[in-house]
Amino acid sequence: MDQPQTVVRGTGAERPARAVTLPAGHLLTVLVTSPRMPAGLMSRDAWTALDTADRVLAADLTDPVPAAVVASGIDVTTVAYDSAAQAARELVDTAADSSVLWISSPDADPGLTDALAGELTRHDDPPQIEVLVASWDLPGARLLDAVAVMDALRSPGGCPWDAEQTHASLAKYLLEEAHETVEAIELDDRQHLAEELGDVLLQVLFHARIAADEDPAFDIDDVAAGLVDKLIRRHPHVFADGDAATPEDVERSWEQIKAGEKPDRARDDLLAGIPASLSTLLIADKVLSRASRRGIPLSYGERRDLGARLLALVDEARASGESADALLRAELRTIAHSAPPSAAESVPDSDV
């Protein structure tokens, strides 16, 4: 008995040529596509295979890919089945005397791969089977899934808690998730960081969806478009003819561009635009950084009061490329974890 052979094509930018010579009318091609890519944006190999197959089959002609194929003028036949085993038997039997192409369903036809393997081994002269990857996810494609999940949660029939949230009710979670992300960075915990970044992304999607509910003309693409425009505008050394060879050059250029975008802000107001709820150490760091970039002299170094000395320490940390805020948090973690248990037990906790 001939052994069934599986050929996989189109798995990346460098797609290999077909590895075997297959007899006409004795081939089953399983066309796999990304549900996150428009149905029409399939590879040339995919369209060639669709055009040359004797029969093109699919489970549902209303699914995006079969619908796009039908719209292109290629006949697609519906195959109704109750189980993966039944579908596999139908496909293998049909491929015994004709070349057949199966368009995978958006859910990737759970169980069909195993059922095909079992069905092929049952035949004395099984057809060759080829898996043809017609489209694949681009970087960031899973963000589309995140948007779709958020839409489902806020839509009728979704989550009651999510449906009643507002910008104001979620504000505390945005702060909390941002702080937890910073902590994951400081602890150098990659797995925790991925989780916390996801939580921050959730807040962005949540607020964007709430804004869209309030104004149907607004959606998450407006958020992304505004970000893209800002990044391009503020990086002329990358996207235009600007000149910035060092990080310091980039910061000076950024400051000049921001000043042009917000001409109503007084140049000597070092606190303009900085949230009052930000950590005081971070505010101090930002003020010192702005003053340095703008060439504004500060007189705190001439004083010896406690506030001026604290500011001098923040400047000392900044000059060494570190954050006074992060350094203080790290020191607090160190002393908290190094305190002897007996000492901790002997002192009443006034916070409880």
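1. The model is predicted, with local features requiring pLDDT of at least 70 and side-chain atom pairs counted only at pLDDT 80 or more, whereas totals for chains, interfaces and linings use all residues. Residues are numbered from 1 along each chain as its sequence is written, and side-chain values use heavy atoms, with hydrogens and water left out.

2. Helix α3 (residues 84–94) and helix α4 (residues 112–122) cross at roughly 50°, their axes coming within 8 Å. Helices here are DSSP runs (H or I, at least four residues), numbered from the N terminus; axes are lines fitted to C-alpha atoms over the stretch in contact, and angles run from 0 to 180 degrees between N-to-C directions.

3. The crossing of α3 and α4 is right-handed (the near helix is turned clockwise from the far one by less than a right angle). In contact (heavy atoms within 4.5 Å) are, among them, Ala 84, Ala 88 and Leu 91 of α3 with Leu 112, Leu 116 and Leu 120 of α4. The residues of this contact comprise 10 nonpolar, no polar and 3 charged (Asp, Glu, Lys and Arg count as charged; Ala, Val, Leu, Ile, Met, Phe, Trp, Tyr, Cys and Pro as nonpolar; the others, Gly among them, as polar).

4. Helix α12 (residues 280–294) packs against helix α13 (residues 306–319) at about 70°, with axes 9 Å apart. The two are therefore roughly perpendicular, and the crossing of α12 and α13 is right-handed.

Terms used. Parallel < 35°, antiparallel > 145°, perpendicular 65-115°, else oblique.
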